[in-house]
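Reader: Please take one part of this structure and go through it closely. I would like the part where the two chains meet.

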Amino acid sequence: MASIFSKDKRIIYIRRIQEFWFEYRSKRIGMAGLALIIIYVLVAVFAPFLTPYNPVTQPRLAQATAMPEWVTVFPQYSDYGKTQRENLNWNVKKGSEFVEGWGTSVEIRYEGGNRLAQVELSSQFSYNQMAPNEFFAKFRYEIENIRDAECSIALSLIPPEANSSYIFWKSETLNADKSQDVTTDSKDPVFIKRLGFALQENVGNIIFSQKGDYTFIVLIQFRPLSNDAMAEVIIENSQIVLLGRVHGILGTDYLAKDIWSHLVWGSRISLSVGLLAALVGTVIGIFVGVVSGYLGGLVDEVLMRTVDILLCLPLLPLLLALVHLYGRNVYYIVLFIGIFGWQGLARVIRSQTLSIRETPYIESARASGGSGFYIMQKHIVPNIIPVAFASMVLAVPSAILFEASLSFLGFGDPRVVTWGMMLQHAFGFGGFSQLAWWWIVPPGLAIIGLCLAFVFVGHAFDEIVNPRLRRRR
Amino acid sequence: MREYLLKRIIISIFILWVVASLNFVIFQVVSPLSPEDTYAPVSLDVPPETLELLRELYGLNEPLHIRYIKYVRNMFTFDFGISFVSRKSVISEMSQRLPATVLLLGSSMVATILIGTPIGILAASRRGSKTDIATIGAGLFTWGVPVFYIQLLFMLFFSYYCLKIFGVQLFPVRGLYSIPPPGNPLAFMADVSWHIALPLITLVVGGFGSWALYTRNILLDALTQDYIVTARAKGLTERTVLYRHAFRSTLPPIVTIIALSIPGIITGAMITEWIFTLPGIGRWYLDALTQSDYPVLQGVLFMFAILTIFCNLIADLLYGILDPRIRVGVRR
């Protein structure tokens, strides 16, 4: 193989590629396909820069199945809001003598002797969008150095123009040092019940139905048990998150994950699975085709009967069974698609080899003592490379479609994000009943675009390397 | 002809035997499962004595080659065992599930051929026209478009969006018939047709393009032959040339393509049955996969192979009848 790198050979190869490229350039459909493939490759390579979120480990960005942000240009969605995060800044309303510093982190020191004490903190934020479907509020409290005292903490919300308040959270009586992160989530049934709503009611819609200034109140009460009572309470990390009805470029799925980032990262899997599986299949196909065509006889008979048998196997059911038995691993999927996808190519290569075998230069190579292996790798393989390459390009879309089908049926690798899996989730987890077109349509379009790009390129290739087709045009 | 037939049948049986052996290798030899797992649903806490009894019952203690012979015998006698889930024999449940699949496969194939062939002929007869280019486009398009995606889109727009916008469910989204099914046989048939309409339409939409392209290419190939020149020189009308001379000679390759596309159609039907919850073989197979129902898996895989081999056999024989050059029993 080292001779490939000799200078003369290199010049010949470069010239051949140049000629090929010259011819390829005139195929409009081929150039379109090539451009599309380049775009996909760029998207796959620069995925981390195209999306701010990691597809697997991303926080809750918006409500589940949020619409894309740009739908707000349509009048019926103009009121839909993005996610609003408010860090709560506390002001002291009552009991300022105990408070030693306020803002995002409030420190309360109670050295009350024997009297009851009450500290009330308030924080205001304004909300001017359509009521959210989901929200959560959180804060952290720490109780330190508590001695002979009991205290209780409560978080409540006062809507604008209302006298009543919603009690979000209330501690039991605390009489020991403790720290806790409190989260109240509108999806939490305990929380909904505490607010006094029925479980099927949409708490977010009810509470935040008005536009205006909402006030959070933290009420801390101390009760002394002796004359020597004392306690320190710290309130910090307070935040209210009103999850958006719209989010990002393509909205969110049922787990409130960003669909755009899934789409971008999915291109990596589809591209690599398609290319690798096609490569595996092509290598096997070339090997079988050349050996079968050159050696002939019994070897040929056995290999071609194997091809016949493989053509009789229902591929998808078999692949599903293999993936089920050996594990849902993306490498296995590549391998299985490759191993069971070379029959057609082997037949084509074999017939090409048969005709090349009869040419005079093969005869002279054999006459000068070239071994079978030498002739195959030196004279036959280089001649069938163009055909094999065209067929490999056409094998990529079917490999991509196979992987997509596997993932769609729920047999994809669960550790990676793929377009087929996105469709599976949309189909299985309510994307259809919610009419979530932003969730259903994009992954399929991505699959179609990539597959068509390879089909176009393969078609253009085929016209160049396959003289029969060239004559037709 | 008889010799040829005999030879083909023997080859088919040989292929079937290889498939059965492959099944044995995949499920019994190199499988990560222990053999008894594929015969009975064994839970983790089964006492060793019971396990030993099971192994004895299914003859798993015997040497591999004896097990292999028994396995192949079971496959060839359609004794696939008992489904773990339904506790019925695999073959009897298969016969219950078959009608739905046959209905879907058969009707979609017929419809695809009936729609695709005329388009292909039209494209070939007006080569280079807009019709021709559109046909090529449609054919290439089907290469790159997953049928299940077409089905999902149709389902989204014609079932869910229709219900939302117009308040009418144009097509049902699951099942082969309404529940409860209408008692009147005519009404039942209408109900089934209504349920199968969307899967059928989507399968045809996903398949007619490539079919038309096949027909076009084969016909164009035929139109360059010498006998077409002769026919034209005789002064026959273009119509006669096209239908009586060219189209007749395209039948053998078309029949071959039908046979060769059967495995692909089974695949497509499987996903279709999954999407539309049709109680066919494909859906059954997928359910068996998720429930690790190994007797069903082995049985269905084997039956799929039989179906494919049988179709290939029929295609070969038809080829012999349609193409006089083959009749002597010599392959081209």
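**Where chain A meets chain B**

Author: In this model, 36 residues of chain A are in contact with 38 residues of chain B; two residues count as in contact if their C-beta atoms, placed from the backbone, lie within 7 Å. The model is predicted: local features need pLDDT of at least 70, side-chain atom pairs count only at pLDDT 80 or more, and totals for chains, interfaces and linings use all residues. Residues are numbered from 1 along each chain as its sequence is written, while chains are lettered from A and ligands numbered from 1 in the order in which they are written.

On the side of chain A that touches chain B, the elements giving two or more residues are helices H7 (297-312), H8 (315-326), H12 (372-408), H13 (419-428) and H14 (437-465) of chain A. Helices (H or I, at least four residues) and strands (E, at least two) are DSSP runs, numbered from the N terminus. H8(A) supplies the largest share of this side, 10 residues. By class, the residues of this side of chain A are 30 nonpolar, five polar and one charged. Here Ala, Val, Leu, Ile, Met, Phe, Trp, Tyr, Cys and Pro count as nonpolar, Asp, Glu, Lys and Arg as charged, and the others, Gly among them, as polar.

Within chain B, helix H4 (residues 90-125) packs against helix H7 (residues 185-223) at an angle of about 40°, with their axes 6 Å apart. Axes are lines fitted to C-alpha atoms, for helices over the stretch in contact, and angles run from 0 to 180 degrees between N-to-C directions. The contact of H4(B) with H7(B) has 22 nonpolar, eight polar and one charged residues.
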